[in-house]
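Please read the following explanation alongside the model. It goes from the overall dimensions to the sheet, then to a helix pair and some backbone details.

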Amino acid sequence: MPGPSRKIVDVLEGKTVTPPPIWLMRQAGRYLPEYRETRAKAGSFLDLCYSPDYAVEVTLQPIRRYGFDAAILFSDILVIPDALNRNVRFVQGEGPQMDPINVAGIEKLNAEGVLSHLAPVLETVRRLRRELSEETTLLGFCGAPWTVATYMIAGHGTPDQAPARLFAYRNPDVFLRLLDFLADVSAEYLIAQIDAGADAVQIFDSWAGVLGEREFKAYAVRPVARMIRTVRAARPGARIIAFAKGAGMNLRSYRQDTDANAIGLDWSVPLSFAAELQKDGPIQGNLDPMRVVAGGQALEEGIDAILQALGNGPLIFNLGHGITPEADPAHVSDLVRRVRGYMP
């Protein structure tokens with residue numbers, strides 16, 4: 001007899017599941033008191049990411065509390081530059097910082113030893129697949145080359161990633177080489193996550209929305225397509241979600257151009273446009289995280305609008321970006337209950 005179905009895998013294969021399966025970006029995080037306790041024990045944020053004991057625990061915390069249909073590996077997109085010896089650190093109140101890279105630094109980048117550096121993360125994936133129920137999808141992830149490159153060039157986050165955009169205009173050939181390098185390293189990392197037990201992987205392009213149309217094709221689409229080709233060449237059945245936050249109308253051809261199984265949508269994507277995109281395949285999203293903070297009627301109306309517009313097609317219910325620390329855990333319970341109560 002076949003084993004239990006993993007609903008998110010079913011959706012990624014193009015099926016409509018009712019009610020739609022649900023997980024939330026940043027579902028393991030500071031809004032949960034149990035996460036804050038574990039984080040305090042772990043030491044630095046990177047220590048938490050690189051400790052399989054702690055990383056498994058915080059990944060499982062929201063599964064225990066809410067029974068989400070997927071657990072997503074607890075890690076960070078910046079483990080790739082960390083593995084490339086860019087001196088990544090997370091500064092309290094300031095966010096991630098690293099040594100900014102220049103043209104000479106890009107020319108010296110070497111992928112040797114990256115997967116060895118990330119071995120603790122892959123061990124976390126292996127342990128999670130053993131710990132999770134058969135019904136729960138395990139998601140791996142990495143950052144998209146454009147988004148990772150923006151941090152590497154500026155050395156920190158910026159409001160509109162002007163340093164990376166300016167660098168790309170001044171050094172177009174070098175910048176494309178950086179993106180290709182990151183695409184290849186990241187693809188190998190995703191393959192390793194799949195081999196360790198991930199059922200599917202998500203590519204986060206959190207800063208895609210600052211790019212113009214031409215730049216979106218060159219810096220967001222092309223390297224992600226390169227990654228997906230590499231992963232699929234090695235693992236033909238790989239299931240991949242691509243999330244280009246803020247991409248707007250550029251999403252119209254994003255799935256076809258990258259060959260992602262599903263595309264993630266941020267909360268600014270109109271539901272009418274989302275319904276058009278859904279005709280071509282699975283979509284994921286796209287509740288405004290502030291509705292979870294607000295709770296009550298605002299939360300209910302946002303959930304119902306998405307379900308009414310998209311619930312009759314292949315949908316993974318999610319937020320349009322990560323859950324924020326201000327979110328009340330009780331509101332997340334309300335969200336899960338309302339989505340799971342959906343009847344078309």
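A compact globule of 344 residues would have a radius of gyration near 20 Å, and the protein chain, with 19 Å, therefore agrees; the radius is taken over C-alpha atoms, and the globule rule is 2.2 Å times the number of residues to the power 0.38. Along its principal axes the C-alpha trace spans about 55 × 45 × 45 Å. This is a predicted model, in which local features need pLDDT of at least 70 and side-chain atom pairs count only at pLDDT 80 or more, while totals for chains, interfaces and linings use all residues. Residues are numbered from 1 along each chain as its sequence is written, and side-chain values use heavy atoms, with hydrogens and water left out.

The protein chain has 17 helices and nine strands; these are DSSP runs numbered from the N terminus, helices being H or I of at least four residues and strands E of at least two. Seven strands form an open sheet with parallel pairing, in the order β1-β4-β5-β6-β7-β8-β9, where pairing requires that DSSP finds at least two bridges between two strands. β1 (70–72) and β9 (315–319) are at the edges with a single partner strand each, so one side of each has no neighbour in the sheet. From one strand to the next, the twist averages 25°; axes are lines fitted to C-alpha atoms, for helices over the stretch in contact, and angles run from 0 to 180 degrees between N-to-C directions.

Within this sheet, β7 (residues 262–264) pairs with β8 (residues 283–287) in the parallel sense over two bridges. Isoleucine 263 has isoleucine 283 in β8 as its bridge partner. Helix α14 (residues 271–278) packs on the sheet and touches β7, β8 and β9, its direction making about 170° with that of β8; contact means heavy atoms within 4.5 Å. β8 also contains asparagine 286, which is joined to glycine 285 by a cis peptide bond with omega of about -15°.

The contact includes Pro52, Val56 and Leu60 of α4 and Pro120, Arg127 and Leu128 of α8.

Asparagine 85, in the loop between α5 (79–83) and β2 (89–91), has phi near 65°, a positive value in a residue other than glycine. Most residues other than glycine have a negative phi, and most peptide bonds are trans.
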